[in-house]
Amino acid sequence: MQTLDWQTLSAGERAAALARPAETLQAQTLAQVRSIIDAVRVDGDAALTHYTRTLDGIELTRFEVSAAEFESARSQLRPEQIAALERAIANIERFHAATAPAPLAVDVQPGVRCERIVRPIEAVGLYVPAGSAPLPSTVLMLAVPARIAGCPRRVLCTPPQRDGRASAAVLVAAALCGIGQVFKVGGAQAIGALAYGTETVPKVAKIFGPGNAWVTAAKQLVAADPHGAALDMPAGPSEVLVIADDSARAAFVAADLLAQAEHDARAQAILVTTSRTLAQQVSAQVAQQLEQRSRREILRQSVAACRIIVVPDLSTALAVSNRYAPEHLLIQTRAPRVLLEQVHNAGSVFIGPWSPEPMGDYCSGTNHVLPTYGHARAYSGLSVSDFLHRITVQELTPDGLRDLGPTAATLARLEGLDAHAAAVDLRLEALRREDAA
């Protein structure tokens, strides 16, 4: 891994040190994705059949997973695997239920009540990748908060495997989360089907879940169309930043960096440390551990975009981290919780040497669908709130209108909107007549 001294870098070199791998959403990719979406929108299931054949190399006559396939999937998992999924679901449910927004009502002044009520999104689409590695954990992260929110229709799409079946682990996870409607469709065509509906895939209002460059582009395109479907958040390749001092264990840090770097060739891992000795040890550990991993070919590519940055103190380390705004932030220092107050931009934070990032990926209870590519400056990780509408309500009594109405009328006229003012004034006049009667 390349090691850089932050203090010796120019402004341009610092920007380059924190640059992500180049996005692949180029004009050609967007054009291809738009073509796929347009075809699905017009031809429905026929387009899904075509793209499943040409892009996935699989001939399917039925996209929806049958009850028999669900039952068969469960028999393919060992009891301890099912138990692990169930335990993860319990933790995710416990945390997300506690963080769900509640209705509220405030009397802002006598006779003027403002409320916020919450309603579930009626139909949501959950996309679960299954490229180089099926992700049943993503099912849990999407389906559990959707269930807590009370979304009446939850539709899941996942790419078919070579045998034409969906991943058994994905199906078992879906069943455990109460998802009964799963379609074997992947890529941009799945996003198009969810956004506009086909003969078999129902249309949804919002689409959730990670994916490759084509899936990401498809989500952005349908979200820009008022007839399409909203998206959960902007997403890019996975990333991690570790802040460490000389108390950190090099083997732990190297393992944390490789855990994220193995996702794909464009994933990124950064170590920011106050210790040159640790920097050297971690670099050596990365090289050593990489050769022991099954996805070492991917790791060799992604490590090229990974780096170690040496800083003079932990305050500088936090400044570097906030500037980068990582998807995952690991703090491995002598007093890690003390630094939490200085964290402003991060998707999810892991405190101390005994909090490896995969715990959040799978079973600690938080969500692993997180903003990447610097979007953590403005976006948050997935939560129950993302599956809800928040609707405001206001109710005024006659006395409330008598008191506050003139303020609204004055402000309306200030903006030159006399029809707005009239809607208030007519009522005020009616009240004056009633008072005089």
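Helices (H or I, at least four residues) and strands (E, at least two) are DSSP runs, numbered from the N terminus. With that in hand, select helix α17. Because E429 and R433 are four residues apart in helix α17, about one helical turn separates them. Their side chains form a salt bridge (3.9 Å, N to O); the term stands for a side-chain nitrogen of Lys or Arg within 4 Å of a carboxyl oxygen of Asp or Glu. Side chains of opposite charge can pair when their charged atoms come close.

This is a predicted model, in which local features need pLDDT of at least 70 and side-chain atom pairs count only at pLDDT 80 or more, while totals for chains, interfaces and linings use all residues. Residues are numbered from 1 along each chain as its sequence is written, and side-chain values use heavy atoms, with hydrogens and water left out.

**Stop 1: the whole chain**

Zoom out. The protein chain has 17 helices and 14 strands. Its C-alpha trace spans about 90 × 60 × 45 Å along the principal axes. Of the 437 residues, 49% are buried. Buried means under 20% relative accessible area, exposed means over 50%, and partly exposed is in between (1.4 Å probe, protein chains only). The areas come from the Shrake-Rupley method with a 1.4 Å probe, and for residues only the protein chains shown count as cover.

**Stop 2: salt bridges**

How many salt bridges does a search of the whole structure find? The search finds 18 salt bridges.

R433 is exposed, with a relative accessible area of 52%, and E429 is partly exposed, with 33%. Elsewhere, select D245, D246 and R334: salt bridges that share partners join these residues into one network.

Next, select D425 and R413. Their side chains meet in a salt bridge of 2.3 Å, N to O. This pair links distant parts of the chain: D425 is in helix α17 (residues 418-436) and R413 is in helix α16 (residues 398-414), 12 residues apart. D425 is partly exposed at 23% relative accessibility. R413 is also partly exposed, with a relative accessible area of 49%.

Then select R300 and E291. A salt bridge joins their side chains (2.8 Å, N to O). Are these residues buried or partly exposed? R300 counts as partly exposed because its relative accessibility is 36%. E291 is partly exposed too, at 42%.

**Stop 3: the second largest pocket**

Select F95, H96, T99, G347, S348, T366, N367, L370, G381, L382 and S383, which line the second largest pocket. On a 1 Å grid over the protein atoms alone, a pocket is an open set of points with protein on both sides within 12 Å along at least five of seven lines, whereas a cavity is a set of points where a 1.4 Å probe fits but cannot get out; lining residues have an atom within 4 Å of a point.

About 160 Å³ of space lies in this second largest pocket. Grid points are joined across faces, edges and corners, and the volume is the space filled by probe spheres set on the points.

Which helix gives the most to the lining of the second largest pocket? Helix α5 (residues 79-99) does, with three residues. By class, the lining has three nonpolar, eight polar and no charged residues. Here Ala, Val, Leu, Ile, Met, Phe, Trp, Tyr, Cys and Pro count as nonpolar, Asp, Glu, Lys and Arg as charged, and the others, Gly among them, as polar.

**Stop 4: a surface patch**

Select L104, V106 and V108. These residues make a nonpolar surface patch of about 240 Å². Patches are made of residues with over 30% relative accessible area and no salt bridge: like charges are joined within 9 Å, nonpolar side chains (Val, Leu, Ile, Met, Phe, Trp, Tyr) within 5 Å. V106 is in strand β2 (residues 104-109). V106 counts as partly exposed because its relative accessibility is 40%.

**Stop 5: two loop residues**

Select A325, in the loop between α13 (314-324) and β12 (328-332). A325 is not a glycine, yet its phi is positive, about 55 degrees. At 0% relative accessibility, A325 counts as buried.

Now select Y373, in the loop between α15 (357-362) and β14 (388-396). Y373 is a residue other than glycine and has a positive phi, near 60 degrees. Y373 is partly exposed, with a relative accessible area of 23%.

**Stop 6: a distance**

Finally, select R147 in helix α6 (residues 136-149). R147 is partly exposed, at 29% relative accessible area. Draw a line from R147 to H50: the two are 97 residues apart in sequence and 33 Å apart in space, C-alpha to C-alpha.
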